[in-house]
Amino acid sequence: MAKRSFKSTVLPTVLTYLGLAAGLVFAGFPILWMFFTSLKSNTEIFALPPKLLPDHFTNVAYLSIFNDPTKVRFFLNSYLVAGVVTLLTLLIAILTAYGFSRYSFRLKNTLNVFIISTQTVPPITLLIPYFGMVVAFGIFNTYFALILTYMVFTLPYAILLMTGYLNTLPKELDEAVLVDGGSSWTALWRVIIPLSVPGVVATAVYTFLLAWNEFLFALTLTKSTDMRTVPIGIELLMGQHAFEWNEMMAMSVLGSLPLLILYLIAQRYFLAGLAAGSVKS
Amino acid sequence: MSLANEGLIVARTKMRKRGMLSYKTRKRLTPLFYVAPATFLFCLLMLFPMITVLRYSLMDGAIMKKDAAFIGLQNYETIFTDPVFWQSVGQTLYFTVMSVIFHLLIGLAFALLLNTQRVHPMIRSILRVLYILPWLFTAVIIAIIWRLLLDPNGVVNSILMTLHIVNSKVEWFSSTKTAIHALTFANIWAGYPLYMVSLLAGLQGIPKDLYEAAGIDGANEFQKFRYITIPQLMPIIISIALLDFIWTMQVFPLVWMTTGGGPIHSTEVLSTYTYKLAFSSYEFSQASASAIFILIISMGATYFYIKHQKAR
């Protein structure tokens with residue numbers, strides 16, 4: 001009897017914990033290694049035998065980033081571009097989602113399929129005509145070029161996430177406003193949006209994440225160092241002759257921090273929204 | 001799904017004041033007003049560029065020549081006879097298929113572990129957050145993390161040598177034998193959380209009585225997994241795997257930042273091949289032809305994806 005209970009309760013529990021621990025090492029070790037490397041001096045990075053924790057903690061890598069206006073500029077550029085993209089995307093996505101969720105109209109289905117398939121169009125296929133377009137419009141190497149082109153991959157998700165969210169709000173809410181003589185525009189901004197805060201937050205976080213992480217368009221549609229975003233900044237650091245590993249890791253930590261914070265704040269909304277959006281779009 | 005009453009109410013209350021648009025016109029125009037900005041942007045950023053890239057692919061020296069002439073399918077012929085192109089296709093396929101398989105296996109394993117009742121809910125929710133972390137990092141950061149770890153003098157080699165699994169320092173990213181595998185591994189590490197999150201949501205949605213009924217019929221744990229869990233998760237698995245296939249096939253930054261397609265094209269994938277044609281060789285027309293090839297494969301997979309979504 002005792003043996004049986006060991007086999008049916010203790011053993012599976014032990015195996016589960018072992019699995020979870022293995023998963024933790026798999027997921028967490030590279031991230032910890034990155035973090036502690038950013039706190040090492042460059043001579044200590046390939047020390048033998050390798051140590052996770054530095055012998056001497058140092059913030060020299062972080063200081064050298066904060067004291068270099070070029071590198072600070074990468075961060076400012078990223079915040080600016082991702083911030084504006086998020087605001088514009090939210091605005092347009094809310095309008096579109098309201099149209100989708102509250103009305104039926106001709107072309108609705110076509111537009112919907114179009115939006116879903118936009119999610120899967122290869123960025124490289126768009127990049128070539130974008131390059132031609134951006135040069136022709138005279139906006140090569142500007143924030144505007146990045147903001148405009150980023151919308152192509154932020155909008156589809158934002159629209160799908162927001163439509164999903166608005167569909168959960170009863171239509172009686174709008175009708176109440178209309179009965180009182182308000183327009184659907186009033187209903188949207190005075191009633192529906194204040195009730196959609198979780199959906200808006202989830203959409204904003206995801207949009208910011210996509211824009212912050214973008215690489216290909218930023219690499220190709222900007223040129224001068226003062227227009228570069230964080231991912232390209234890290235690429236430029238890598239191109240230098242001697243690898244300043246601690247500095248690259250410090251850049252990576254700083255570059256991941258905003259996403260980590262946003263994610264921790266919004267994770268409840270975010271995961272639910274993401275699951276709904278990606279699985280049932 | 002329209003607000004059936006809106007037009008009516010608006011008509012009653014406002015028609016006398018404005019009197020310009022009829023009730024019917026107004027009802028028809030309202031939704032169009034809401035979707036107009038997005039529609040405009042999609043035309044500018046999708047429809048127009050698609051037509052442009054198709055035109056480029058049929059021209060001789062697009063972007064570079066002022067009066068580029070149409071030359072039919074010649075650009076397609078050029079890339080289809082390039083052995084590096086077919087090598088890239090093969091490597092893209094290997095990279096993508098391996099990534100999708102291991103993303104699914106790891107994502108499913110983690111989802112099952114996080115869904116078990118044997119572990120305290122508190123621990124589970126903390127671990128769930130930690131397991132998702134790799135997914136938050138941008139591809140550039142994933143690339144440099146793995147370049148650091150897989151450096152010939154790095155920690156991975158050091159551990160493998162201490163355990164006597166390898167005898168000398170392996171040049172993971174700069175050897176033609178190992179580069180594609182190292183790259184695939186880094187991508188597997190970064191990509192499983194999307195599966196984990198979706199499958200966990202799926203697992204939590206499976207009705208408990210299915211398992212109870214199976215238990216009464218004497219099914220063991222494996223049979224429950226095989227005949228209840230997997231079939232119940234199948235729709236999610238198919239959706240995510242299709243999306244993952246499409247996105248992984250388009251991989252660019254990770255490859256660009258680790259190997260740049262080298263050494264000697266051994267990690268060249270379709271997107272790096274296309275990018276180099278366009279922005280290193282300035283052969284925008286040939287690059288467009290190659291870009292159209294990627295597009296067609298993506299659209300093929302997208303067709304199945306949308307069909308699958310509609311069927312559910």
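**Figure legends: chains A and B of a predicted model**

**View 1. Helical content and overall dimensions of chain B.** Chain B contains 13 helices and 0 strands, where helices (H or I, at least four residues) and strands (E, at least two) are DSSP runs numbered from the N terminus. Its elements, read from the N terminus, follow the order α-α-α-α-α-α-α-α-α-α-α-α-α. The radius of gyration of chain B, at 26 Å, is well over the 20 Å that the globule rule gives for 312 residues, so chain B is more spread out than a compact globule; the radius is taken over C-alpha atoms, and the rule is 2.2 Å times the number of residues to the power 0.38. Along the principal axes, the C-alpha atoms of chain B fill a box of roughly 90 × 75 × 30 Å. The model is predicted: local features need pLDDT of at least 70, side-chain atom pairs count only at pLDDT 80 or more, and totals for chains, interfaces and linings use all residues. Residues are numbered from 1 along each chain as its sequence is written, while chains are lettered from A and ligands numbered from 1 in the order in which they are written.

View 2. Domain 1 (4-57) and domain 2 (77-311) make up the domain assignment of chain B, with bounds from an automatic or database domain assignment. Their C-alpha centres are 40 Å apart. To the contact, domain 1 of chain B gives 4 residues and domain 2 of chain B gives 6 residues (C-beta atoms, placed from the backbone, within 7 Å). On the side of domain 1 of chain B that touches domain 2 of chain B, 3 residues are nonpolar, 1 is polar and none is charged. Here Ala, Val, Leu, Ile, Met, Phe, Trp, Tyr, Cys and Pro count as nonpolar, Asp, Glu, Lys and Arg as charged, and the others, Gly among them, as polar.

**View 3. Helices α4 and α8 of chain B.** The axes of α4 (residues 83-115) and α8 (residues 179-204) of chain B come within 5 Å and cross at roughly 40 degrees. α4(B) is therefore oblique to α8(B), as angles under 35 degrees count as roughly parallel, over 145 as roughly antiparallel, 65 to 115 as roughly perpendicular and the rest as oblique. The contact of α4(B) with α8(B) has 19 nonpolar, 9 polar and no charged residues.

**View 4. Domains of chain A and the interface with chain B.** Chain A is divided into domain 1 (2-37) and domain 2 (64-279), and 36 Å separate their C-alpha centres. In the interface, 81 residues of chain A contact 77 residues of chain B. The chain A side comprises 50 nonpolar, 26 polar and 5 charged residues.

How values were computed
Axes are lines fitted to C-alpha atoms, for helices over the stretch in contact, and angles run from 0 to 180 degrees between N-to-C directions. Two residues are in contact if their C-beta atoms, placed from the backbone, lie within 7 Å.
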